[in-house]
Amino acid sequence: MPPNDSAWKAVPEMCRAAFADWDKAVVGLAEELMSILCEGMGIKSDKLKEELCLERRLSLSHYYPQCPQPELILGLTSHTDPCVLTVLVQNEVGGLLQIKCGEDWVNVDPVPGAIVINIGDLLQIMSNDEYKSVEHRVLANTEEGVRVSIAVLFTPSNLEKIYGPFPELISDEKPSVYNDFIYSEFIRRFEN
């Protein structure tokens, strides 16, 4: 949902202003996080911004009522996010997210006012494995009450650009772990 995109018309008018405020806030947060992550890699703090990683985002809003038969529902299977990073907020109803730690799945319990940040596949690649994408899954809601969440995935706006590890992070001691690729071809494997 980039600014001035026709996708904004798909947002119901009664919540468009609130959603626009949320979008502005989440972009500001992502910009600050990306700057800190770049500094952590020892590269220019605005490198990810220069790569246009703030301009295109996918916002996923979910409303999960309690599931009467959760043993019959798979939820969202194990996956990583094909983006730079994901910003996730949820209400107090637990059971939404589990992350993979070794061979075990660990619950990410909701903390009031907390925001969950997932490193995405593209940042793992661009960082040449300095940062790791988070394998996670979403479970059916077994809790009493409705679970609500909003996830915003930040992706580059230039889908035809070639991406790969940042050249600044490649050396004889740390060769490139990944080949370069066109982002639109990379993202197709997630859309099918």
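1. Two strands are taken to pair if DSSP finds at least two bridges between them. Helices (H or I, at least four residues) and strands (E, at least two) are DSSP runs, numbered from the N terminus.

2. This is a predicted model, in which local features need pLDDT of at least 70, side-chain atom pairs count only at pLDDT 80 or more, and totals for chains, interfaces and linings use all residues. Residues are numbered from 1 along each chain as its sequence is written, and side-chain values use heavy atoms, with hydrogens and water left out.

3. Strand β8 spans residues 147-155, and seven of its nine residues are buried, that is, under 20% relative accessible area (1.4 Å probe, protein chains only).

4. Strand β1 (residues 56-64) runs antiparallel to β8 and is joined to it by nine bridges. Within this pair, L60 stands opposite A151 of β8.

5. Strand β8 also pairs with β3 (residues 85-90), again in the antiparallel sense, over six bridges. Here V87 faces V152 in β8 as its opposite residue.

6. Strands β4 (residues 97-101) and β5 (residues 104-108) are antiparallel and share five bridges; Q98 stands opposite N107 in β5. The two strands form a hairpin with two residues between them, and G102 in the turn has a positive phi of about 70 degrees.

7. An unreviewed UniProt entry annotates residues 53-156 as "domain: Fe2OG dioxygenase"; such annotations may be inferred rather than shown by experiment, and their positions are given in the numbering used here, with feature names shortened. Over residues 53-156 the chain is 43% strand and 6% helix, with the end C-alpha atoms 4 Å apart.

Key
Buried means under 20% relative accessible area, exposed over 50%, partly exposed in between (1.4 Å probe, protein chains only).
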